[in-house]
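Look over the sequence and the model, then read the points by topic.

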Amino acid sequence: MAAFFVPKGLQRALLRKNLFSQKIKDMEFQSIKKAQAGISKISLLNSQAEIKTSGLSKEEQSWLKKRHSQKDYFSSFNRLTSFEFIQFSEGISGKTEAEKLEQYRGLGNKICAILNSYKLESIQLEGFDKQAMLAVAEGLCLSNYQFLKYRSGEKESNSLSKIILVHESPLKEELNQLEAICEAVFMARDLVNEPQSYLDAPKLAGEIRKMGKKAGIKVEVLSKSQIETLKMGGLLAVNQGSQTPPSFSIMEYKPAKARNKKPIILVGKGVVYDTGGLSLKPTSSMDTMKCDMAGAAAVSCALYAIAKAAIPVHVIALVPATDNRPGENAYTPGDVVTMYDGQTVEVLNTDAEGRMLLADALAYAKKYKPELVMDFATLTGAAAAAIGQYGIVCMGTAEEKVKSSMKQAGEQVHERLVEFPFWDDYSKLLKSDIADMKNIGGPVAGAITAGKFLEKFTDYPWMHFDIAGPAYLSSPDSYRGKNGTGTAVRFIVEFLKNYQA
Ligand code: BES
Ligand code: MN
Ligand code: ZN
């Protein structure tokens, strides 16, 4: 046969057929019963004694023993066309099960980098218990994410494309779920990494429609004129400075056997770009503000994963979206805005825009008589300043029992929650001279006054999640990578997976 040029992606696609497998982007998961020769492998050994049965040569075994006694718990053997990695379980030192899972994801991250630097395509995992193995696989997969859309010429695409789990049973369900989650995180990162030159508010709604189609979720998008008819004053005020219309997307996943009678509602801040508006941001704080729709990305992609994994909960996602700009007609400090629910807001800083559109969405959520509402937003620099990129700031009025299961879900996926105080005292800081409230508090407790503002638009059990810290990173952090992280997708899925009405 003539030697046709076959692109690498297609070559790989042709190679992968058989077995139980799951594919996302250029990644594929497989589970098989026995490890294959000639493919890189990572094995977990539970003690020095297990070295004997590792299949390594005598020389390698004594080298490994020495490493182990020196407390070097990770080793690798270069087999020229593949690698053999050995991890001793003593090296996984986390104090809690959740900490250990995070270390397993970190192991996946470390190995992902090695495999890609040697242009290797596949890796097998052996000797781990199921949960640990899935965590390593998750770390490997999430670390392999790249955003190459805007690179011209030769694409420096990662070589890793197959993760093989060696296990006695096929892990079909588990891999299906892992695939759904990883795919959703990738999509959330893509959305965050997309600049506003592509992803404006109507486009964001379009992407949500596409996701809905792919996962079998009902999607309705309200246009500007519908938003006007509904009198969503907060969203429209922020949109006034823009040439581009706003959008309001409604996704609904209602499986036949849902565990909850009344829906759970997720609300995501969809500010596709935040210049600050007339209260203009300084240049350096503006650089990363394409990330200001990370809340929207988190809720829409989490819902996608929930539908894909067929998790039996009735969930609705609401995404109010616009950019925030100092255009000709921009809303102005001193303006009084009548919100969707009729309350009035004195705008004293146009850069406190997220709460304006979230408030409308939260008030809109009342019509569904929700069991619980959770909003996700890159809402305040104050939240990021308080705890950095290491967790999610939360606060709200949900029952203690619900809060505690949220915190547990957060630990499990290492998207940890920190609950801030939510005393009534903070509401006083929002008192306005001429309207029902102003849109900023005082010089202190900025993350909390933002939450208190939102609370005024709720009448149901509710939690607010400020993801300004972890949503977008300027340097890589393990499998979270750099730039858009897709933070909160895994948290939402984990929480709803375990949710009991
Ligand atoms: N989108 C920003 C918050 C933000 C800051 C997100 C850093 C991600 C990283 C939000 O709209 C904002 O500008 N908040 C103001 C509120 C202030 C004017 C009361 C802030 O935090 O400075
Ligand atoms: Mn802002
Ligand atoms: Zn913002």
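**Pocket and metal sites**

The largest pocket holds about 660 Å³ of space. This is a predicted model: local features need pLDDT of at least 70, side-chain atom pairs count only at pLDDT 80 or more, and totals for chains, interfaces and linings use all residues. Residues are numbered from 1 along each chain as its sequence is written, chains are lettered from A and ligands numbered from 1 in the order in which they are written, and side-chain values use heavy atoms, leaving out hydrogens and water.

**Largest pocket**

- The lining of the largest pocket has 32 residues. Lys281, Leu379, Thr380, Gly381 and Ala382 lie nearest its centre.
- By type, the lining comprises twelve nonpolar, 13 polar and seven charged residues. Here Gly is counted among the polar residues.
- Helix H12 (381-387), helix H15 (446-455) and strand E20 (472-473) each supply at least two lining residues. H12 gives the most, with three. Helices (at least four residues) and strands (at least two) are DSSP runs, numbered from the N terminus.

**Zinc ion (ligand 3)**

- Its protein donors are Lys269 (NZ), Asp274 (OD), Asp292 (OD) and Glu353 (OE), at 2.0 to 2.4 Å. Donors are N, O and S atoms within 2.8 Å of the metal (3.2 Å for Na, K and Ca).
- Six donor atoms subtend angles of 78 to 175° around the zinc ion, so the arrangement is octahedral. Six donors count as octahedral if opposite donors are over 155 degrees apart and all others between 65 and 115.
- Along the sequence, the donor residues of the zinc ion are spaced K-x4-D-x17-D-x60-E.
- Lys269 and Asp292 are both buried. Buried means under 20% relative accessible area, exposed over 50%, and partly exposed in between (1.4 Å probe, protein chains only).

**Manganese ion (ligand 2)**

- Asp274 (OD), Asp351 (O), Asp351 (OD) and Glu353 (OE) are its protein donors, 2.0 to 2.2 Å away.
- The six donor atoms around the manganese ion subtend angles of 70 to 168°, which makes the arrangement irregular.
- Asp274 bridges the manganese ion and the zinc ion, which lie 3.1 Å apart.
- Asp274 lies in strand E11 and Asp351 in the loop between strand E14 (344-346) and helix H11 (354-365), so the pair ties together parts 77 residues apart in sequence.
- Asp274 is buried at 3% relative accessibility. Asp351 is partly exposed, at 23%.

**Ile86**

- Ile86 lies in strand E5 (residues 83-88). It counts as buried, at 1% relative accessibility.

Conventions
Four donors count as tetrahedral if all angles lie between 85 and 135 degrees; four count as square planar and six as octahedral if opposite donors are over 155 degrees apart and all others between 65 and 115; anything else is irregular. On a 1 Å grid over the protein atoms alone, a cavity is a set of points where a 1.4 Å probe fits but cannot get out, and a pocket is an open set with protein on both sides within 12 Å along at least five of seven lines; lining residues have an atom within 4 Å of a point. Grid points are joined across faces, edges and corners, and a volume is the space filled by probe spheres set on the points.
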